Amino acid sequence: MVQHEHKEDPGEISHYEFSGIDERHGRIPRWLGFVYVVMLIWMVYYLVRFWTDKG
Amino acid sequence: MSSVAAPVDRDDLVDREVVLRFLLSAAFWLVFAPTIGVILSVKFNYYDFLGNVSWLTWGRLRPVHVMGVVFGAFSSAIVGLTYYMVPRLCGVRMYKENWSRALVWIWNIALTAALVSLPLGQNIGIEAGEFPLWANVIIEIALILITIQVIVTVVRRKEPRIYVTLWYLTAAYVWTVFNYAFGHFILPYSMPGVNNAAMHGLYIHYVVGLWITPAGLAVIYYFLPLSAQRPLYSHKLSLVGFWSLAFFYPFVGTHHYIYSPIPYWTQTIAIVASMMLIIPVWTVLQNFYGTFVGNWKRFQESYTAKFLIIGALYYLIGCFQGSTEALRGVQRLTHFTDFVIAHSHLTVFGTFILWVTAGMYYVIPRVSGHELYSKALAQWHYWLTLTGFSLMAAVLTLQGLMQGTMLEVGADFVDSMVVMKPYWFTRTLAGATMDIGALLGMWNFYMTVVHGRRIEAPASGAAAPEPLWT
């Protein structure tokens, strides 16, 4: 039997009835994903390089 | 005065009187605390100004300014907005509303007494945690009661999903109940020496990062889609922003003590965590601007949108300053200079005070049942705040970099102070400008409540709210 993976549509909108707020499921833009990766690599580098004072 | 039409909301879920009382008291603190800041700034220009009266000296007044902004202006507004947002996001009235009615008075009387006691010399000596013990007990109990109200209301909600505003608000209250106790009941009475300094770094940044930041973000996530009249750009980004803030912020505080005897690796973790805050900040801003794209005309039409948008600009600048100034090289240049003061003002006032002000522009007409009293006063509020604050932030940043550079190349400290004189004078003028703006804005809120024109029922047939306090 073929399993169909459920993917939420990024344009899907949830409505909050009592406040009147609408919210898209949305996505993470590519440029921001790139920032996340760069920052995580920098974090590992900095922690290793500057864990102790090497004078 | 020309009045501005406000859309009609049926706020059956909201205790409008409690919300109004909290927001009007916040309006008072929003004028009072920055005014103390302006008085303090004059002391930079005239060193003996009010220097002969002990309770008006720098050391006595500065805590009034800081504590007045954090716990008077910002926190009172947040509590008022909490009582507006939480019932509407949950679809049920606030748990134990009678507590709220008592808390308005308890909160404000305790704050007033505490802020009066500071110039009289009753100060427990922890920066940003300076109120005397008796006031701290009252404020802690108030925070616990509000936290219980929020959590129980969320648990009893009718709305099936929990909107991002509720995550941030609940987290902010829970974190702050613990942090307030930590900073006011543990730090002053235990942990001597360098350990106390390290822990104080954590406390003071938890006030900013685990109270002001999440509570402020709760406000923008609520009012952003409503004022932009568009769906929030991305639920997924809200998740990333919330969890990255929760993960990185707890380690930030020690960046106040770079180059100190605190272990090197601890400082490194604080630096890394500070830089990693770029992730939640840029994530929130992508969500912010993504929501507004396609409906920028709201910037023209809505004062809520205006204050949210300029607050977001200051958020970008102030947080980038804050992250990068933790780096050892930048810290060496900027520590003990006005660059740090620029950062704290850009974030606390430029961002979060302006965001709660945006919330007040949205909520006060709706809960009072009156249209905004004067568009002209609101325009003056906006432009005086924008020009005054932009000038202040620019001047403080520039003079901080100049101070740091002069000291770095070996200039005499006194010489570096002499060079600062015109900048400090400009800072006072800029502060007075934004303070006048705040005064006009808060007067407008007061007049809206007592003399604003009654909101008319819309053509849809929905009933207009009954005005309060006419």
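B:Leu468 is in contact with B:Arg16, B:Glu17, B:Leu20, B:Ser368 and B:Gly369, when residues up to four places away in sequence are left out. The structure is a predicted model. B:Leu468 is placed in the segment that follows helix H15 (413-451) of chain B. The residue has 15 other C-beta atoms within 10 Å and is therefore partly exposed. Between B:Leu468 and B:Thr347, which are 121 residues apart in sequence, the C-alpha to C-alpha distance is 34 Å.

B:Leu143 counts as buried because it has 23 C-beta neighbours inside 10 Å, where the cut-off for burial is 20 or more. Not counting residues up to four places away in sequence, the contacts of B:Leu143 are B:Tyr173, B:Thr176, B:Val177 and B:Tyr180. For one of these pairs, B:Leu143 and B:Tyr180, the separation along the chain is 37 residues and the C-alpha atoms are 8.9 Å apart.

Chain A contains one helix and two strands, and the order of these elements from the N terminus is β-β-α. Of the 55 residues in chain A, 11% are buried. The helix H1(A) consists of 20 residues and spans 29 Å from its first C-alpha to its last, close to the 28 Å expected at 1.5 Å a residue. H1(A) is hardly covered, the count of buried residues among its 20 residues being zero.

The interface between the two chains involves 27 residues of chain A and 27 residues of chain B. On the side of chain A that touches chain B, at least two residues each come from strand S1 (13-16), strand S2 (21-24) and helix H1 (30-49). The most is given by H1(A), which contributes seven residues to this side. By class, the residues of chain A that form this side are 15 nonpolar, six polar and six charged.

Within chain B, two helix pairs that share H6(B) were examined. Two packed helices are described by the angle between their axes and the distance between the axes. In the pair formed by helix H6 (residues 193-228) and helix H11 (residues 303-324) of chain B, the packing angle is about 130° and the axes are 9 Å apart. The crossing of H6(B) past H11(B) is left-handed. H6(B) supplies B:Ile220, B:Phe223, B:Leu224, B:Ser227 and B:Ala228 to the contact, and H11(B) supplies B:Thr304, B:Ala305 and B:Leu308. Six nonpolar residues and two polar residues take part in the contact of H6(B) with H11(B), and no charged residues.

In the other pair, the axes of helix H2 (residues 58-90) of chain B and H6(B) come within 11 Å and cross at roughly 40°. H2(B) and H6(B) are therefore oblique to each other as well, and their crossing is left-handed. The residues of H2(B) in this contact are B:Val70, B:Phe74, B:Ile78, B:Leu81 and B:Met85, which meet B:Val207, B:Ile212, B:Ala215, B:Val219 and B:Tyr222 of H6(B). The contact of H2(B) with H6(B) comprises 10 nonpolar residues, with no polar and no charged ones.

Helix H14 (residues 375-408) of chain B has 34 residues, and the distance from its first C-alpha to its last is 49 Å, close to the 50 Å expected at 1.5 Å a residue. B:Gly410, which follows H14(B), has a positive phi, near 95°.

Most residues other than glycine have a negative phi. B:Met191 is not a glycine, yet its phi is positive, at about 50°. B:Met191 lies in the loop between helix H5 (164-186) and H6 of chain B. With 14 other C-beta atoms within 10 Å, B:Met191 is partly exposed. B:Phe336, also not a glycine, has a positive phi of about 65°. The loop that holds B:Phe336 runs between helix H12 (328-334) and helix H13 (338-368) of chain B. B:Phe336 is exposed because 11 other C-beta atoms lie within 10 Å, and the limit for an exposed residue is 12 or fewer.

Note on methods: Residues numbered from 1 in each chain as written. Chains lettered and ligands numbered in written order. Predicted model: local features only at pLDDT ≥ 70, side-chain atom pairs only at ≥ 80, totals over all residues. Contact = placed C-beta atoms within 7 Å. Helix = DSSP H or I, 4+ residues; strand = E, 2+ residues; numbered from the N terminus. Nonpolar A, V, L, I, M, F, W, Y, C, P; charged D, E, K, R; others polar. Expected span 1.5 Å × (residues − 1). Axes fitted to C-alpha atoms, helices over the stretch in contact; angles between N-to-C directions. Left-handed = near helix turned anticlockwise from the far one by under 90°. Parallel < 35°, antiparallel > 145°, perpendicular 65-115°, else oblique.
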